[in-house]
Amino acid sequence: MRVLITGIAGHIGRKVAQYLLARGHTVAGIDRRPWPDAPKAIEIVAVDVRKRAAEEVFRRRRPEALIHLATVTHFQTDLEERYRVNLGGTRAVFEHCHSWGVKEAVFVGRHTFYGAAPDTPLYHTEADPPLAVSTFPELADLVASDLFASSALWRWPEMSTVVLRTCYTLGPSLTGTLASFLRPRRVPTVLGFDPLFQFMHEDDCARAIAETVGRGMRGTFNVAGPQAIPLSLLIKMAGRRNVPLPEPLLTGLLGRFGFASLPRGAVNHIKYPCVVDDAVFRSTTGFAPEFDEAQTVGSFRWAAS
Amino acid sequence: MASALVTDIKARVDRLEIAFNRDGYDKFGTSKKHLAIFFTALGWLYRSYFRVKVTGIEHVPKRGRAMLVGNHSGGYAVDGAMVLASALLDMEPPRLAHGMAEKFLNAMPVASLWTNRVGQLTGLPEHAVQLLEDERLLMVFPEGARGTAKLYKERWSLVGFGQGFVRLALQTKTPIVPLAFIGGGDVMPTVMNLYKLGKLLGAPYIPLTPYLLPVPLPRPCEIIYGEPMRLPGTGNEDDEHIEKLVAQVKERVHELMDEGRRRRGERP
């Protein structure tokens with residue numbers, strides 16, 4: 001198949017591209033960022049997905065499948081810019097998919113969609129509502145783009161739309177939300193709380209995304225890796241020091257004295273678990289993670305030291 | 001004596017038929033290390049402090065999904081804790097019963113951590129389904145917090161049973177094992193509940209005893225398990241039909257409570 005990947009130069013995008021190439025697909029990509037040593041077989045157009053030149057890529061290449069990875073999660077990016085990229089970008093990309101006859105469109109979202117609160121259940125199924133809008137308001141743009149992407153299922157039923165909600169990734173690239181949290185030597189936690197964390201190796205995540213291509217899948221799917229483990233164990237396995245602090249003290253210390261800076265809503269995500277049930281994705285695609293939790297955290301630890 | 005209990009508990013936790021990973025955690029976050037500490041404390045209360053007597057433990061299925069349904073009493077869930085202890089200490093092979101914790105516990109530091117590490121998840125229907133589908137032993141007190149709030153004079157009564165547990169049992173095809181906890185009212189002779197103070201501390205209420213402190217007294221207790229009930233249906237029946245099934249279970253629990261009172265020489 002001819003596959004187009006937006007956000008191809010990100011670390012997950014590069015790996016997805018390589019998996020697809022190895023399986024005999026034709027791969028092209030769009031990204032503002034460079035990918036200097038990209039395989040020759042991959043054509044990369046350096047353009048913003050919201051610009052007209054991006055539509056030209058669809059017009060000229062007529063991709064049969066699209067994987068949308070061009071979303072931002074960095075809380076450092078200002079809110080308006082995030083809305084522009086995450087919502088505006090998703091809208092533009094899905095409209096191009098419809099206009100230019102893309103058969104399969106994959107939106108890659110995040111499992112934090114479900115939010116974390118004292119009375120939310122473990123192992124969310126795809127039918128659960130996006131509580132993140134109240135528990136973690138800073139994630140509202142990602143929740144909105146997730147729901148907007150899935151509206152393609154009824155707006156353009158001829159296109160097979162897939163929305164993936166992937167758990168945290170971890171690995172030697174040291175990028176991603178969880179990796180930034182675990183990067184500093186001392187990792188702050190909330191005293192008296194130790195939620196389950198679900199994460200997967202970045203290679204497994206890329207493979208899971210690549211697995212969706214060519215199947216004509218439709219709908220929303222949770223994607224997860226090995227068994228979830230408590231945050232305290234994760235910190236220990238990552239070779240970091242767990243610093244449990246009473247909650248009022250913790251919120252005052254974030255971003256200071258070598259502690260990672262976190263938006264306020266993120267505190268809920270280190271107090272309460274946000275874990276997903278990935279049974280539907282596994283049975284639909286046959287996907288199973290190759291890396292267990294020790295190998296996944298180990299690869300991060302090795303690269304971070 | 002004390003170290004014998006520690007070794008015994010550790011061996012029993014090791015024999016639990018639960019899929020723990022290499023670090024000793026299951027998929028719900030239950031930890032073998034925390035279970036051993038928790039059940040050492042419970043085991044002492046169970047064997048030495050309350051001297052709990054158990055009858056009918058053979059009615060609890062050795063494997064596979066099942067729902068223990070009993071009466072609540074005694075200020076806070078002393079009864080629940082003793083039922084947990086009986087499943088681990090007096091069953092062969094030992095089993096871990098999962099209670100449905102009050103929601104406020106998960107919002108409190110330390111309580112949140114410990115309830116999760118010892119398999120006592122927040123009381124949500126989703127958790128009940130997840131545990132039963134994983135073939136666990138679920139412990140349900142359909143009276144809820146209103147059940148533990150019973151005063152001393154109300155100790156032999158049953159307040160309203162919710163319907164949820166019967167629908168869940170039908171939907172997941174789970175047998176219900178009725179149980180009666182005898183002596184909960186004597187352990188915590190509540191004269192009144194302080195609701196305002198409770199609210200201040202993030203709990204539904206604080207029970208007040210004649211000796212003021214909400215500390216349980218070392219009174220002997222008994223747990224009586226009844227034969228499993230396999231209720232007919234799919235869980236999609238109307239409320240009226242479900243209410244009849246709920247009444248059947250409630251009746252059975254009441255009968256077991258009466259049996260316990262009679263054995264104590266009381267007239268029910």
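In helix α1 of chain A, the buried residues are Ile12(A), Gly13(A), Arg14(A), Lys15(A), Val16(A), Ala17(A) and Leu20(A). A residue counts as buried if 20 or more other C-beta atoms lie within 10 Å of its own, as exposed if 12 or fewer do, and as partly exposed in between, with C-beta atoms placed from the backbone. The model is predicted: local features need pLDDT of at least 70 and side-chain atom pairs count only at pLDDT 80 or more, while totals for chains, interfaces and linings use all residues. Residues are numbered from 1 along each chain as its sequence is written, and chains are lettered from A and ligands numbered from 1 in the order in which they are written. Helices (H or I, at least four residues) and strands (E, at least two) are DSSP runs, numbered from the N terminus.

The cover over the buried residues of α1(A) includes β1 (2–6), β2 (26–30), β4 (65–68), β7 (168–170) and α8 (202–211) of chain A. The helix has 12 residues, 11–22, and its end C-alpha atoms are 17 Å apart, which agrees with the 16 Å that it should span at 1.5 Å a residue; the expected span is 1.5 Å times one less than the number of residues. After α1(A) comes Gly24(A), with a positive phi near 90 degrees.

Chain A as a whole comprises 13 helices and 13 strands. Its radius of gyration is 19 Å, close to the 19 Å that the globule rule gives for 305 residues, so chain A is as compact as a globular protein of that length. This radius is taken over C-alpha atoms, and the globule rule is 2.2 Å times the number of residues to the power 0.38. The C-alpha trace of chain A spans about 55 × 40 × 35 Å along its principal axes, and 48% of the 305 residues count as buried.

Between the chains, 15 residues of chain A are in contact with 19 residues of chain B. Contact requires that the C-beta atoms of two residues, placed from the backbone, lie within 7 Å.

Chain B contains 11 helices and 9 strands. An open sheet of 7 strands in this chain has the order β1-β9-β6-β2-β5-β3-β4, with mixed pairing. Two strands pair if DSSP finds at least two bridges between them. Strands β3 (residues 97–101) and β5 (residues 137–140) of chain B run parallel and are joined by 3 bridges, and Ala97(B) has Leu137(B) as its bridge partner in β5(B). Helix α3 (residues 78–89) of chain B packs on the sheet, where it touches β1, β2 (66–70), β3, β5, β6 (176–182) and β9 (222–225) of chain B.

Within this sheet, 7 of the 7 residues of β6(B) are buried, so the strand is largely enclosed by the rest of the structure. Ile176(B), Pro178(B), Ala180(B) and Ile182(B) point one way from β6(B), and Val177(B), Leu179(B) and Phe181(B) point the other way. β6(B) pairs with β2(B) in the parallel sense over 4 bridges, and with β9(B) in the antiparallel sense over 4 bridges. Leu179(B) in β6(B) stands opposite Gly70(B), and its bridge partner in β9(B) is Tyr225(B).

Terms used
Axes are lines fitted to C-alpha atoms, for helices over the stretch in contact, and angles run from 0 to 180 degrees between N-to-C directions.
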